[in-house]
Amino acid sequence: MTDRMLRIRNLDAGYGKLRVLKNISLHVKSGEIVAMIGANGAGKSTLLHTIIGLIRPMSGEISFLGQACDRAAVGRIVASGCALVPEGRQVFASMSVEENLLLGGYVLQKEKGRAAVQEELARQYLLFPRLKERRRQLAGTLSGGEQQMLAMARALMSRPKLVMMDEPSTGLAPLIIRDIFKIIRQLREEGNTVLLVEQNARAALTIADRGYVLEVGKIIVQGPATDLLANSDVQRAYLGREKIE
Amino acid sequence: MKTRKLLSLTALALLTAGLHLFTVLSGTQFYLTQLTMAAYYGLVVIGLGVMMGYAGQISIGHAGFFAIGGYLSAALTTNDLTPFLAPGLIRWLDRVGLLVHGQDIFGDPLMTVSPWAACLSAVTVTALIALLIGGPVLKLRGHYLAMATLGFGIIVYRIFLASPFFGEADGISEVPGFQLLPATGLLGPVIISGDAAHRVLNYYLAWGVLLLGMALLLNLIDSRAGRALRSLHSSEEAAEAFGIDTARCKVQVFVLSAIYAALAGSLLTHFNGGIGPGEASVMKSVRYVALVAVGGMTSLWGTLVMGVGLTFLSLRGVFGSYDDVVFGVILIAVMLFAPEGVLRGLFGRALQRFLPGRQT
């Protein structure tokens, strides 16, 4: 059980009376890259928002590192080692790159002090030298790829054990997407666990160990990433490889 | 960054002394009165500037907070408490020394709250009111937040206008000077009042308060809490995902800016020796918003310079009876032609390099 970093059982969640997620069960093991694929409106982002605590689940359980966290505040969940790279990057456009990163360490600074944040900042600059070059620049003036890197580095500032990424490839050029996915793989090599939500199913499944397919709020297929890539249903729906006879 | 902050604060201190010197050399010491008042209004404007420019939350009700601070301070220091002497609380207050015994103009005994206690309670009550209405009101965004705060401002205005306790349309006059420090050696007692004898002292006091308020805000926006505030402006969603309690942040900055307004209201009321319902009017709130906008929203220094400068001109009567018109036009013109603020528009990036407290 200890290797189950994140565990979700029978989760229902949504907005107001609208139930978006229906009876979701999944797990993420330590050191894995898990891909969650699905079309627009399938509930992928809702799932990540529920895990990080932005949305209260209607029913079901979420446990992170063996502790129930379905009623915890976002700050507590972030402090316990879970971080979200939000969809569309959502960098703080009118603040500098460095200030964005410092905000990522908001909880860390409270828990461990300023020195820990500085240490983490140095580590991010090592991982993303481009960000160091642009540390004084306003985040809004960065290119899309750079903003995505900033969003990732900002999430890493909280020293997460599990990094959840919400569609990191949105709106980026194919070459940049390749860089971003390279970084995701690199993150895993450094001991992080990644839950990757993507519409770009092929790219996600190529770097993932396992995958889940979410369709209108339900998980319809799951399994090793290679199996999903070979699965004809998945191919037809998400990989665009159906042969027209 | 730190040295730049220190440098700019030193510059403000030098400017204060420089303005005094100028009035002495040019024989225009009477300017000091308006400069003092302008400094207190400047305090309101920078407090609102942090909330509007940095946290991105608008308030068209700040004259309300200013007036609550001023009116409470005035009412507590002028209304006679003698009829209430019997109740235990008043007697206890008297024993602790928070009450002042005097005589009114007819020679009858007059028992009032001492200015210190009045000012402190005025600011505290205002902070509590801000806390109380901040929770529900700050859930609103954009136009709705503007409407709600506007409504608050109007309510406060009508209450002061209608209540006999606050002097109805006449307001409250004969507010005593505020003794900050007793006489010591060379210096006379430090009193906040518009008395010509205290003119210079009051001028330095007001600008000192402004300097201190500015230093606090500059420190705030560079701190962890300040960064959290500024993140609200860009993306509340992302801010929440990093564990920032955005709702609490908003209320905190709302209360902080209300405290700035109330403190300014209280001190200015003691300086002027009175306050009227005009201070609570919507036009005043709009004026504060306009001043923040001309200052350039995310530039505390710009806000301070434009806030104090334009208020001074207005107090000197430069705009004549078109006073409110001028501020309305300024607001429209800034939004249309210089949304980044007039200073930034005129002097561009060159100036920015020397001013801290903004995004580099």
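Phe242(B) touches Val78(A), Leu84(A), Phe92(A), Leu103(A), Gly104(A), Tyr106(A), Val107(A), Arg154(A) and Ala155(A), leaving aside residues up to four places away in sequence. Contact here means heavy atoms within 4.5 Å. This is a predicted model, in which local features need pLDDT of at least 70 and side-chain atom pairs count only at pLDDT 80 or more, while totals for chains, interfaces and linings use all residues. Residues are numbered from 1 along each chain as its sequence is written, chains are lettered from A and ligands numbered from 1 in the order in which they are written, and side-chain values use heavy atoms, with hydrogens and water left out.

Stay with Phe242(B). Where does Phe242(B) sit in chain B? Phe242(B) is found in the loop between α9 and α10 (246-272) of chain B. Helices (H or I, at least four residues) and strands (E, at least two) are DSSP runs, numbered from the N terminus. Phe242(B) is buried, at a relative accessible area of 2%. Buried means under 20% relative accessible area, exposed means over 50%, and partly exposed lies in between (1.4 Å probe, protein chains only). Ala228(B) is 14 residues from Phe242(B) in sequence, and the two C-alpha atoms are 9.6 Å apart in space.

Now widen the view to the interface. Chain B and chain A bury about 2,100 Å² between them, with 59% of it on carbon and sulfur atoms. Buried area is the accessible area (1.4 Å probe) that two parts lose on being put together, summed over both. Which three residues supply more than any other three of the area that chain B buries against chain A? They are Arg224(B), Arg227(B) and Phe242(B), and they supply 39%. The contact takes 17 residues from chain B and 27 residues from chain A.

Polar links come next. Between chain B and chain A the count is seven residue pairs in polar contact, both residues at pLDDT 80 or more. A polar contact is a pair of N or O atoms within 3.5 Å; within protein, one must be able to donate a hydrogen and the other to accept it, and residues adjacent in sequence count only if both atoms are side-chain atoms. The rule finds one salt bridge across this interface. A salt bridge needs a side-chain nitrogen of Lys or Arg within 4 Å of a carboxyl oxygen of Asp or Glu. Glu99(A) forms a salt bridge with Arg230(B), and their closest N and O atoms are 3.0 Å apart. On the side of chain B that touches chain A, the elements that give two or more residues are α8 (224-234) and α9 (236-241) of chain B. The most comes from α8(B), with six residues.

Over all chains, the count comes to 19 salt bridges. Glu111(A) pairs with Arg76(A) in a salt bridge, the closest N and O atoms being 3.8 Å apart. That pair links distant parts of the chain: Glu111(A) lies in helix α4 (residues 106-112) of chain A and Arg76(A) in helix α2 (residues 74-79) of chain A, 35 residues apart. Glu111(A) counts as partly exposed, at 44% relative accessibility.

Salt bridges link Glu119(A), Glu120(A), Arg123(A) and Arg159(A) in a network. Arg159(A) forms a salt bridge with Glu119(A), with the closest N and O atoms 3.1 Å apart. Arg159(A) lies in the loop between α7 (144-156) and β7 (162-166) of chain A, and Glu119(A) in helix α5 (residues 114-127) of chain A, 40 residues apart. The side chains of Arg159(A) and Glu120(A) also meet in a salt bridge (2.8 Å, N to O). Glu120(A) is in helix α5 of chain A, 39 residues from Arg159(A). Is Glu120(A) buried or exposed? Glu120(A) is buried, with a relative accessible area of 3%. Glu119(A) counts as partly exposed, at 47% relative accessibility. Arg159(A) is partly exposed too, at 30%.

Return to chain B as a whole. Chain B has 14 helices and four strands. Of its 360 residues, 51% count as buried. Among contacts in chain B between residues at least 6 apart in sequence, 75% join residues at least 24 apart. Chain B exposes about 16,100 Å², and carbon and sulfur atoms supply 70% of it. Accessible areas come from the Shrake-Rupley method with a 1.4 Å probe; for residues, only the protein chains shown count as cover.
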